[in-house]
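Dear colleague,

Please find below the structure that I am handing over to you. My notes on what was found in it follow directly after.

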Amino acid sequence: MSTVLALDIGGTKIAVGIVDAEGTVLQRFQLPTPRDSAEAAWRVTADLIGQARSVGPVRAVGIASAGPVALHAGTISPVNIAVWRDFPIVARVAELTGLPVRLGGDGLCMALGEHWRGAGRGAQFLLGMVVSTGIGGGLVLDGVPYDGRTGNAGHVGHMVADADGEPCVCGGHGCVETLASGPRMTRWAQQQGWTGADAKDLAASATAGDAVALAAFRRGTRALAAVIASTAAVCDLDLVVIGGGVANAGDVLFGPLREALTRHTGLSFIRDLRVVPADLGGDAGLVGAAALVR
């Protein structure tokens, strides 16, 4: 029995999958993340686990969760899931399944998944980023995942990109998430008169040449570039892999991002830093969660 159960918990959706020893997602089940109560969110998670386990036996469970996480306590307090604060996800899943459970941050798992099976194969010093409802990140350093003291290393979405910037849902001010996440770019564009509804609409408008939508992406990518360059300078990175819903915008995101990076990567050892789209799409978190229990 080489398959594992993988969970990917985010502010927009909760996904559960069955992943084999080669990192292939064999089955996937997904529902929107409830926001009305902690128990409602847990019931959806438990239902998805039940659906996945009906497919066949698994040997362990890996969990990728939006953060912050507390590895030693096995709890999660996702910034974008307000109903879960110090929620004992590891204990709940272990009690439900009777299986060994390992927890990791969603950004770390995305990076680990891409390093194992995606665009990051072969990279030794990798930053994985998820640009979506929020902005997550994870580090693979010298070929191994780096989760830090509490499990929250790589939380690049809450690095400060504007010292005098807007309040962030994390409680800080001027985080890159306030400038470059899908909802924040959308809100800024709407304040400038753009009439679309969400980040998907914003990307379509930018692709079609809408000036405000293009400006929103330029504004967001300038913040992303500053944070990427700073992380690369500290960690001596050779590759950045970016996934998430906003990254699906393609050249509308990556074009201005790479251009903005040239303003910040002056040091010789980060001048040739590569920034590429993720390969695994929405499965990266599940593959990375499975990698936790390889």
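Arg184 counts as buried, at 17% relative accessibility; buried means under 20% relative accessible area, exposed means over 50%, and partly exposed lies in between (1.4 Å probe, protein chains only). Please note that this is a predicted model, in which local features need pLDDT of at least 70 and side-chain atom pairs count only at pLDDT 80 or more, while totals for chains, interfaces and linings use all residues. Residues are numbered from 1 along each chain as its sequence is written, and side-chain values use heavy atoms, with hydrogens and water left out.

The side chain of Arg184 forms a salt bridge with that of Glu166 (3.1 Å, N to O); the term requires a side-chain nitrogen of Lys or Arg within 4 Å of a carboxyl oxygen of Asp or Glu. Because Arg184 belongs to helix α5 and Glu166 to the loop between β10 (144–146) and α4, this pair ties together parts that are 18 residues apart in sequence. Helices (H or I, at least four residues) and strands (E, at least two) are DSSP runs, numbered from the N terminus.

Glu166 is partly exposed, at 33% relative accessibility. Its side chain also meets that of Arg187 in a salt bridge (2.6 Å, N to O). Arg187 lies in helix α5 and Glu166 in the loop between β10 and α4, so parts 21 residues apart in sequence are tied together. Arg187 is partly exposed, with 36% relative accessibility.

Another of them joins the side chains of Glu39 and Arg92 (2.9 Å, N to O). Glu39 is in helix α1 (residues 38–53) and Arg92 in helix α2 (residues 89–97), so this pair ties together parts that are 53 residues apart in sequence.

**The cavity**

Searching the whole structure gives 1 cavity of 30 Å³ or more. A cavity is a set of points, on a 1 Å grid over the protein atoms alone, where a 1.4 Å probe fits but cannot get out; lining residues have an atom within 4 Å of a point. The largest cavity holds about 50 Å³ of space, a volume being the space filled by probe spheres set on the points, which are joined across faces, edges and corners. Its lining consists of Glu166, Thr178, Arg184, Arg187, Trp188, Gln191 and Arg219. Helix α5 (residues 182–191) supplies the largest share of this lining, 4 residues.

**The nonpolar cores**

The largest nonpolar core has 44 residues, and Met129, Phe217, Leu224, Leu237, Val240, Ile242 and Leu253 have the most contacts inside it. Such a core is a set of buried Ala, Val, Leu, Ile, Met, Phe, Trp, Tyr and Cys residues joined through side-chain atoms within 4.5 Å. The largest share of this core, 12 residues, comes from α7.

Phe217 touches Met185, Leu202, Ala203, Ala206, Val246, Ala249, Val252 and Leu253, leaving aside residues up to four places away in sequence; contact means heavy atoms within 4.5 Å. A second, separate core has 28 residues, including Ala64, Val130, Val241 and Leu280.

Yours sincerely

Notes
1 Å grid on protein atoms, 1.4 Å probe; cavity = no way out; pocket = protein on both sides within 12 Å on 5 of 7 lines; lining within 4 Å.
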